[in-house]
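Welcome! Take a moment to look over the sequence and turn the model around before reading on.

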Amino acid sequence: MKKIIALILPISVLMIACGSPSSDTQTQLETAPETETTATEENLETTPETDITATEENTVMVALASPEEEIPMGDAELIVEVKDNTSGETVPVENIEVSSTMPMEGEEPMISKVEIEPTETPGQFKVKTNFGMAGTWNLATKVKDANYQGENEIVVEVK
Ligand SMILES: [Cu+2]
């Protein structure tokens, strides 16, 4: 039951933000969007294993569980939940890391302190941060667990 304060430097945030979506976009452009709606039955017959990624097995993601309503500027307490990518079930991982940043045009991103606490529900964590400005905030999350891996971004619209 550890309490972690995660702070990530602007540089690493930029690297995450400017990651590698370009190759995906290219492949999608080559194949017409309509052809992507091929029957899933057919895919299951031909490929017994899911062909999404090779490391699909223990891959989880962090999702925002609450609040479901609008998030106002200022101090915020969010609940996030770690979920299995395939089944959607809650996965009781040991810990997670979260960084809270707001991309700013022509400037360094704004960075907020983040405090993470486990909740009574395994796989759920309380995330305390401060949204100092209205707009789009990115919560970059990473699962810290010997058996599970996952890294994703939760986008929050602060009013
Ligand atoms: Cu800002």
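## The overall plan

What pattern does the protein follow, read along the sequence? The order is β-α-α-α-β-β-β-β-β-β-β-β, and it is built from 3 helices and 9 strands. Please keep in mind that this is a predicted model.

The protein has 159 residues, and 16% of them count as buried. If you look at contacts with a separation of 6 or more, 62% of them link residues 24 or more positions apart.

## An open sheet of four strands

Let us begin with a sheet. Here 4 strands form an open sheet in the order E5-E4-E8-E9, and the pairing is antiparallel. At the edges you will find strand E5 (110-112) and strand E9 (151-158); each has a single partner strand, so one side of each is left without a neighbour in the sheet. From one strand to the next, the twist averages 30 degrees.

Strand E4 covers residues 95-102 and pairs with E5 in the antiparallel sense over 3 bridges. To find this pairing on screen, look for Ser100, whose bridge partner in E5 is Ser112.

## A closer look at Lys142

Now for a single residue. Lys142 belongs to strand E8, which spans residues 135-144.

Which residues does Lys142 touch, leaving aside its neighbours within four places in sequence? Its contacts are Ile96, Glu97 and Glu151. As for Glu153, this residue is 11 residues apart from Lys142 along the chain, and their C-alpha atoms are separated by 8.7 Å.

## Strands E2, E3 and E7

Next, follow another set of pairings. E2 and E3 run antiparallel and are joined by 6 bridges; in this pairing Val60 stands opposite Asp84 in E3. E3 is also joined to strand E7 (residues 124-131), again running antiparallel, by 8 bridges.

## A cis peptide bond in a loop

One last stop is the loop between strand E2 (60-66) and strand E3 (74-84), where Pro67 lies. The peptide bond that joins Ser66 and Pro67 is cis, with omega about 5 degrees. As a general rule, most peptide bonds are trans.

Key
Residues are numbered from 1 along each chain as its sequence is written. This is a predicted model: local features need pLDDT of at least 70, side-chain atom pairs count only at pLDDT 80 or more; totals for chains, interfaces and linings use all residues. Helices (H or I, at least four residues) and strands (E, at least two) are DSSP runs, numbered from the N terminus. A residue is buried if 20 or more other C-beta atoms lie within 10 Å of its own, exposed if 12 or fewer, and partly exposed in between; C-beta atoms are placed from the backbone. Two residues are in contact if their C-beta atoms, placed from the backbone, lie within 7 Å. Two strands pair if DSSP finds at least two bridges between them. Axes are lines fitted to C-alpha atoms, for helices over the stretch in contact, and angles run from 0 to 180 degrees between N-to-C directions.
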